[in-house]
Amino acid sequence: PRLPPGPVTKKLSSTMAETPMSPTSKAVGPEVASVISPSGKGDRPEPFEGRSLEIGCCCCNPFKGTVQTLLDKLPDMQFKTIAITGCTTGTGYTLAMMAARQRARIICLNRPSSRSEAALANLKALGADVYHVDCDLMSFKSVRSAAPKIMEIVGSDGLDVLALNAGIMHLPDIVTEDKFDMQMQVNQLSHFLLTKLLWSALNEAANQRGEARVVVHGSAAMNFDGHTGIACACCPHTRGLMPRFFEKHENGGLGGDGCCSSLTMTCCFAGKTMTRYQQSKLANFVYAMALADKINAAGSKVKAAVVHPGVAITNLVTNGLSGGKGGNKDAGAKNYIPEFVVPIITNVLMQSTEMGTMPIATASMVSDVQNGDYYGPGYPCWPITFWGPARKRTPEHICVNWHTQKQKVG
C-alpha cells in the first residue's frame, strides 16, 4: 500500500547501524548536525540523521554542507514512484534512502542476493513504501521477466522516475548468456531494454502528473582512453563509440584482459578492461542524449537526463580497483591494484557516497530538471571532474548509436 497522507513515523539513526555500505566508507563525525525534515511536510524517515554527509577526501572540504542543501531542496515525492537499478549499496542505495525521505514509493531492481535482502529490510525499517523485483541485468530474459512485475506494481499510476543506476567495471573479457560483453550489457544494453519495456508506464505518469524521467548514470570514465589512460580529447582511439563493443562474441573476443601500464594510478584508467568500461559509459551518455532528442521529436512529456558521480566511495569503485568483495568479484573481477592500496586511494582522492549521489538525486527529484540535462561535479576541470556538488553541465560531445542498440536487444 502507498504511504498515507499523514505524517510518517520518524526513525532514529540507530537503524543505520545495519545499513550496507562500502567497506571503505568514512566514520560518522560529530561536526555535522542532524538532518531536519523540510518544514510544512510532516515528519519523514530520516536515514541521514546524525551522519557526516560530506566526509571524504581533502578535495571535498570546500563543499561541506552541499548534501544538506540538496536534501532541503528536494520536493515531496508522495504518490510518485521511482524504480532504481542496482540499489543494494552505494549511490543506488543512498538514492533510495533520499527518495524514502521524500515519501516516494520505491521499486528496488536488483539481482537476488543477501545484499538485496538487507537493503530492502533496512528501507522497510525506515518506514519506506518499498518493493523488490528480481532483475539481473546480465540476462535479457531476467529484464523481460521483471518488466511486467514493475507494471503490475505501478498499475494505472504509471512510473515517475526510472533511475538506471546499476553498473559494473573492470571485469574480465567474458560474455553474458546473451553473448555480449558483461560491462556493456549491464551498464547499457539491459538498461536500454528496460526503458523500452517500461516506456508506456513512464508515459502514463507523465500524462497524469506533467512529467516522468529516465535518469542514466554515466561516468567521467567516458572521457578516458583505455589505450593510454589519458583524456580522449588528446587521443584518437576512443573519440566515439566502436561498433564491435556492441556485437555478440565469445569469451576473449574484445582483446582479453590486463592493463597496458604497471603504474598503479595509470592502470585505473588504462588497459583493455578500461576500454570496455569506457565504451559502456560513453554509450550511457550517448543513449541519454539520443533519447532526449527522440522525446523532443515525439512531443512526449517524459524527460531524459544523464549524470555522473565523480569519484565516490562505493563498492563499484573499490571492487573495480581491487577485485574485492561483492558483485564484481562474483562476476570475476581481477586484482588490478593491491587491496592494501585501495583505502589509501579512497581516503585521498574520493568524495563520500552521499556526495557522489547528488547528481542522480538531483536529476531524479529536483523540480527544475529539463529534458537533455547533464549533471555532475565540476572540479577541478574537464575532463578531471571528480569532486564537488552536482551542477548542470554542457555535453562535450554527442554521437548517436540508437539503431545499433535497438537491433541488439530485440
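**Close-up views of a predicted model**

**View 1. Helix α2, residues 90–101.** Helix α2 has twelve residues and spans 17 Å from its first C-alpha to its last, close to the 16 Å expected at 1.5 Å a residue. (That expected span is 1.5 Å times one less than the number of residues; helices are DSSP runs of H or I with at least four residues, strands are runs of E with at least two, and both are numbered from the N terminus.) This is a predicted model, where local features need pLDDT of at least 70 and side-chain atom pairs count only at pLDDT 80 or more, while totals for chains, interfaces and linings use all residues. Residues are numbered from 1 along each chain as its sequence is written, and side-chain values use heavy atoms, leaving out hydrogens and water.

Just after α2, look for Arg103, which takes a positive phi of about 70°.

**View 2. Helices α5 and α7.** Here α5 (residues 182–197) and α7 (residues 272–298) have axes that come within 7 Å and cross at roughly 20°. (Axes are lines fitted to C-alpha atoms, for helices over the stretch in contact, and angles run from 0 to 180 degrees between N-to-C directions.) That makes the two helices α5 and α7 roughly parallel (angles under 35 degrees; over 145 is roughly antiparallel, 65 to 115 roughly perpendicular, and the rest oblique). Residues of α5 including Met184 and Phe192 meet residues of α7 including Tyr277 and Tyr287 (contact means heavy atoms within 4.5 Å). Sorted by class, this α5 and α7 contact has five nonpolar, eight polar and two charged residues (Ala, Val, Leu, Ile, Met, Phe, Trp, Tyr, Cys and Pro count as nonpolar, Asp, Glu, Lys and Arg as charged, and the others, Gly among them, as polar).

**View 3. Helices α1 and α11.** Helix α1 (residues 66–73) packs with α11 (residues 353–365) at an angle of about 30°, their axes 10 Å apart. Thr66, Val67 and Leu70 of α1 make the contact with Glu354, Met355, Met358, Ala361 and Thr362 of α11. The tally for α1 with α11 is five nonpolar, two polar and one charged.

**View 4. Gln78, in the loop between α1 and β1 (81–85).** Gln78 is buried, with a relative accessible area of 12%. Gln78 and Arg105 sit 27 residues apart in sequence and 7.3 Å apart in space, C-alpha to C-alpha.

Technical notes: Buried means under 20% relative accessible area, exposed over 50%, partly exposed in between (1.4 Å probe, protein chains only).
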